[in-house]
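The sequence and the structure come first, and the text follows.

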Amino acid sequence: MGKIKVKSEKKKTEKLGLVLIFLLIFFSILFLFLLISNLLILDKKQIFTNVIVSNYSGFDLNSTALKFGFVERGQSAQRSVIIKNDFDKKAKIIIKIKGNISDFLIVSENNFFLEKNQSKEIDFSILLPEDLMFGEYNGVISIILKKS
Amino acid sequence: MNIKKFNSKEKSKNFNSKEKLIIFLSFLVIILSLFNFNLESTGYIVNISDSAVINITIRQRVNINFTLDRINFGRGSIDAGKQNATIDTLGNVTDGNWSQITSGFRIENLGNTNITLYLKSNKNAFEFLGGTNPDYEYMITNEELGSCIPQNINLSQWYGVNTTGDGTEICNVFSFLGDLDTVNIDLKLVIPSDAGDGSHSDIFTATGIVID
């Protein structure tokens, strides 16, 4: 009985060891992937964005944040951003949106390339569902410039 | 209890130095990977890297679209023997049996700068209503006196909709000042008796551009 117990404990330890080796390989790959993708980032800018769901409309024009002001449920609004590549080579632009605004904030173009000194106007559109709760919805738009 | 304690101690003893190193490395890599996810919080435009090779300009304009579903005139028909019916968002219904609507669109300038306000529709009167001599008009009024200073139109007067470009400049200066920053847009429809049956819908776009 004692020998069987020791054997099963040994097997368990071996299994645990295998799981740990697997985890080590998995996270090492993940770590390397993230490290490489971070090294490819040349620049990153973040813009605060928000919309207030209201029963009437209102403009809030701001040059430092992408505010949509008051928008009614079931209605939409657009604002745009001009992105310019000041890097001395062609680069890739990636746009990421975080926050509770991300469910209804749509970007006109993503994962595109810009030549040296080339600029592009990108539209951000808010399309509010009819059943959305009144209130403020915020988020952060990250515009990332990566080596192509 | 004693047996359980003994087993757990025995388990920890079962890890040899090689396995302990793997465990340590696993945790180290996991922590580094999670750290690499780079969780950031921000307020306004933030430059993450020192080298600014990306240039961002936020355009000083915004478009807000209003679908006419928002003003729901509901079902209705033209009175027998009449050429057309007129309905508006001021509560008037002439020669028809539509329900009264007493409010149009309301727009406020919430920002901290004066803007110029444009209004356009997606369809003209014929595209929207059809039939013979339809009419589709809007009227601008100040909800708060002095909010809108027009140059191309008169306040409290009906104008046919404009479908081209940004539409018609309805407020040359749309004030942001506390009690002077709200305008109303009312609509009037002249529905001919030979207009097509069914539901009709359109989208209005109000565009605000910052005055330099």
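## Layout of the chains

In chain A, the centres of domain 1 and domain 2, taken over C-alpha atoms, are separated by 42 Å. The model is a predicted one. Domain 1 of chain A covers residues 1-39, and domain 2 of chain A covers residues 42-147.

Chain B has 212 residues, of which 29% count as buried. Its secondary structure comes to 3 helices and 12 strands. If contacts in chain B are taken between residues at least 6 apart in sequence, 69% of them join residues at least 24 apart.

## Where the two chains meet

How many residues of chain A are in contact with chain B? There are 54 such residues in chain A, and they are in contact with 50 residues of chain B. Six elements of chain A each supply at least two residues of the side that touches chain B: helix H1 (2-39), strand S1 (41-54), strand S2 (57-59), strand S3 (66-72), strand S4 (76-85) and strand S9 (135-147). H1(A) gives the most to this side of chain A, with 14 residues. By class, the side of chain A that touches chain B has 28 nonpolar residues, 17 polar residues and 9 charged residues.

An open sheet is formed by 8 strands in the order S6(A)-S8(A)-S4(A)-S2(B)-S12(B)-S6(B)-S10(B)-S8(B), and the pairing is antiparallel. Which strands stand at the edges? They are S6 of chain A and strand S8 (148-149) of chain B; each has a single partner strand, so one side of each is left without a neighbour in the sheet.

Within this order, S4(A) is joined to strand S2 (residues 54-67) of chain B by 9 bridges, and the two run antiparallel. One of the residues in this pairing is A:Asn85, whose bridge partner in S2(B) is B:Ile54. Inside chain B, 7 bridges join strand S6 (residues 115-121) to strand S12 (residues 203-210), which also run antiparallel. Here B:Lys120 has B:Thr205 in S12(B) as its bridge partner.

## Residues in loops

| Residue | Phi |
|---|---|
| A:Asn111 | near 55° |
| A:Asn117 | near 65° |

A:Asn111 lies in the loop between strand S6 (105-107) and strand S7 (112-114) of chain A. Is A:Asn111 buried or exposed? A:Asn111 counts as exposed because it has 9 C-beta neighbours inside 10 Å, and a residue with 12 or fewer is exposed. A:Asn117 is found in the loop between S7 and strand S8 (119-127) of chain A. With 11 other C-beta atoms within 10 Å, A:Asn117 is exposed.

In chain B, B:Gly178 has its place in the loop between strand S10 (168-174) and strand S11 (182-192). B:Gly178 counts as exposed, because 7 C-beta neighbours lie inside 10 Å. Where is B:Gly178 relative to B:Asn112? The two residues are 66 residues apart along the chain, and their C-alpha atoms are separated by 9.6 Å.

Methods. Residues numbered from 1 in each chain as written. Chains lettered and ligands numbered in written order. Predicted model: local features only at pLDDT ≥ 70, side-chain atom pairs only at ≥ 80, totals over all residues. Helix = DSSP H or I, 4+ residues; strand = E, 2+ residues; numbered from the N terminus. Buried ≥ 20, exposed ≤ 12 C-beta atoms within 10 Å, placed from the backbone. Contact = placed C-beta atoms within 7 Å. Domains from an automatic or database assignment. Nonpolar A, V, L, I, M, F, W, Y, C, P; charged D, E, K, R; others polar. Pairing = 2+ DSSP bridges.
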